[in-house]
Amino acid sequence: MSVWNPDNIKDVAESIGIASLSDDVLQALSSDIEYRLSQVLEEALKFTRHSRRTILTTQDVNQALKVLDVEPLYGYESSRPLRFGEASIGPGQPLFYVEDEEVDFEKLINAPLPKVPREISFTAHWLAVEGVQPSIPQNPIPADSRNQDLVPKGPGANPNLAAISGSDNVTVKPLVKHVLPKELQLYFSNVCNAMLDESNDEYRVTALASVRTDTGLHQLIPYFVQFIAEKVTHNLKNLFVLTQTMQLTSALLENKKLYVEPYVASVIPPVLTCLVGRHLGSPSDSLAHFPLRDIAAALLGSICKKYAKSSHTLKPRLARTCLKHFLDPTKPFGANYGGIIGLQAVGGTEVVRALILPNVKEYESLLREPLEDEASPKHAEAEVVLTALLGALQSVEEDAIHLTNGSMNGESEDQKRRLEDKVGSLIAGRVTEMGRSKFNKALLEA
C-alpha cells in the first residue's frame, strides 16, 4: 500500500491523453513515485546538513536532482515562502496559482531613492606576520582580545550575570600551546643531542649542516633560540657547550631560507654573554675562553651586517655595551678583550677610530703592570688583550689612503714622541717595533 494517492496519477495521465489505467498500473506507479521522492529528499537533506542548516530549501532539492542526474526544477527559486491561491474552473477541478504581490504605484513613486551602493573593491592586509599581529585598523586591538579572554566559559556560564554581579565565574583563557609535528619534535631532539655530544664529531657536524641548509625549520626557530639561551645561562663553566651553542646560532643565521629577524633580540643576549662574560670556562686554564669570544665577536658582526638596516638602534646599543666592558677597570681581561673585538666587529674601522683609539692611552695603564711582571698570573691574558688592541688598530692602517711607505729615520724620535702622546708609551713601543711607517702615520693622522 503506497502513501501516494493513485488519483493524482490518474489526473496526470488524463492530462496527457491517457484515458484509463488499470489499478495494478496505478499501484506500481505510486510505489515508484514514492521511492523516487524519498531518494530525492534523502539527497536534499544531505545538502542541508552539510550546509549547517536545519531548514530544507528549494536549492537543496535542485542540488539533489543534479546529483541524481535529473533535470532540476525551474521557477521556484525564492528567498520568501510562496503563497498559493485557489481558483475553481469547474465542479471538482480546483486550480492553484502563486499570488502576486500588489504594488501601489503612488507609494512606489513617492518612496525615497535608495542609497547608491559603493563600488566593489578589495584590500589586503596582514593578519599576522611570523605569529605577530600588526597594529592596524583591520585587526582586533589587544583590549578586545583581553575582553574575550575574560568571557565566562563552561556549560553554565552566563556572561551577563557575571558582569553584573562581579562573581568569580570569570576565568582566564589558558595560553594556546604551539603543537609541533612529531617529525619536527624528533628532529629538534636529535639536533640538541648532537650539539651536546662531545664524543661524536661527525654527528655534530652533520646536525649543523642540516640546520644551515634545511628549509622547513621555521616552526623550530623559537625552540632553538630558547635552547641556546638556556644552555648559555646554565653552562658558563662548560666551554664545549658554549661553543656549540654559538655554532648553532651561526647555522641558524646562515640559513637563507629562515626568517630569523623577529628573534634577533632574543639571540643577541647569549652571544653577548659569550663575548663579554666575566668568567667563562674553567679557572685553571686562563686562555681557553678566548677562542669562544672570537666566535661570538664574529657572530655579532654578522648580526649587525645582516640586520642593522632594519633596526637603526642595533649598532649603537651593541657598541655602547662593548665599550662599557672595554673601559671598565673592574672587569677581567677576558671581558675587556671581548669589548675590543666586539667593537671592531660591530663597526669596523669607523668604531675603532672613534671609540678604541681615543681610549687606548687610558687603558694601557691596566696592562702595564701584568705585562712587566712575567710571573703574574694575568700576564698571558694581558698579552692576548694587547695583541687584540694592536689588531684593532691595524684596521686603521688598512683603511688609510694616500699614504706611502717610507723610512722613519729622519723623524723617528718626533714621530715616536707624538705616538706616545696619542696611544701611550706601551702601545707606541709595540707599534715602533713592528717597523711599519705606514701604520705609524695612519695612527697619527686618525
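Predicted model: local features only at pLDDT ≥ 70, side-chain atom pairs only at ≥ 80, totals over all residues.
The crossing in which α12 passes α13 is left-handed. On the α12 side, the contact is made by L300, I303, C304 and Y307, while α13 brings in L314, K315, L318 and C322. Sorted by class, this contact of α12 with α13 has 7 nonpolar residues, no polar ones and 1 charged residue.

Let us move on to α7 and α8. Helix α7 (residues 182-195) packs against helix α8 (residues 201-213) at an angle of about 130°, and their axes are 8 Å apart. That angle makes α7 oblique to α8. Their crossing is left-handed. From α7, the residues making the contact are Y187, N190, V191, A194 and M195; from α8, they are Y203, R204, A207, L208, S210 and V211. The contact of α7 with α8 divides into 8 nonpolar, 2 polar and 1 charged residues.

How many aromatic pairs does the structure hold? There are 5 aromatic pairs in the structure.

| Ring pair | Distance between centres | Angle between planes | Class |
|---|---|---|---|
| F188 and Y223 | 6.1 Å | 65° | edge-to-face |
| F188 and F224 | 5.2 Å | 55° | tilted |

Why is the pair of F188 and Y223 edge-to-face? Their planes stand at 65°, and planes over 60 degrees apart count as edge-to-face. The planes of F188 and F224 are at 55°, so that pair is tilted.

Distant parts of the chain are linked by the pair of F188 in helix α7 and Y223 in helix α9 (residues 221-234), which are 35 residues apart. The pair of F188 in α7 and F224 in α9 also links distant parts of the chain, here 36 residues apart.

Are F188 and F224 buried or exposed? Both F188 and F224 are buried. Y223 has a relative accessible area of 23%, so Y223 is partly exposed. Ring pairs join F188, Y223, F224 and F227 into a cluster.

**Two backbone spots to look at**

Most residues other than glycine have a negative phi. R52 is not a glycine, yet has a positive phi of about 55°. R52 sits in the loop between α2 (23-50) and α3 (58-67). With a relative accessibility of 74%, R52 counts as exposed.

D69 is not a glycine either, and its phi is positive at about 60°. Where does D69 lie? D69 is found in the loop between α3 and β1 (84-88). With 72% relative accessibility, D69 counts as exposed.

**The protein overall**

Stepping back, the secondary structure of the protein comes to 19 helices and 2 strands. Buried residues make up 33% of its 446 residues. Among contacts in the protein with a separation of 6 or more, 60% are accounted for by residues 24 or more positions apart.

Note on methods: Residues numbered from 1 in each chain as written. Heavy atoms only, no water. Left-handed = near helix turned anticlockwise from the far one by under 90°. Helix = DSSP H or I, 4+ residues; strand = E, 2+ residues; numbered from the N terminus. Contact = heavy atoms within 4.5 Å. Nonpolar A, V, L, I, M, F, W, Y, C, P; charged D, E, K, R; others polar. Axes fitted to C-alpha atoms, helices over the stretch in contact; angles between N-to-C directions. Parallel < 35°, antiparallel > 145°, perpendicular 65-115°, else oblique. Phe/Tyr/Trp six-rings, centres within 6.5 Å; stacked < 30°, edge-to-face > 60°. Buried < 20%, exposed > 50% of the residue type's maximum accessible area, 1.4 Å probe, protein only.
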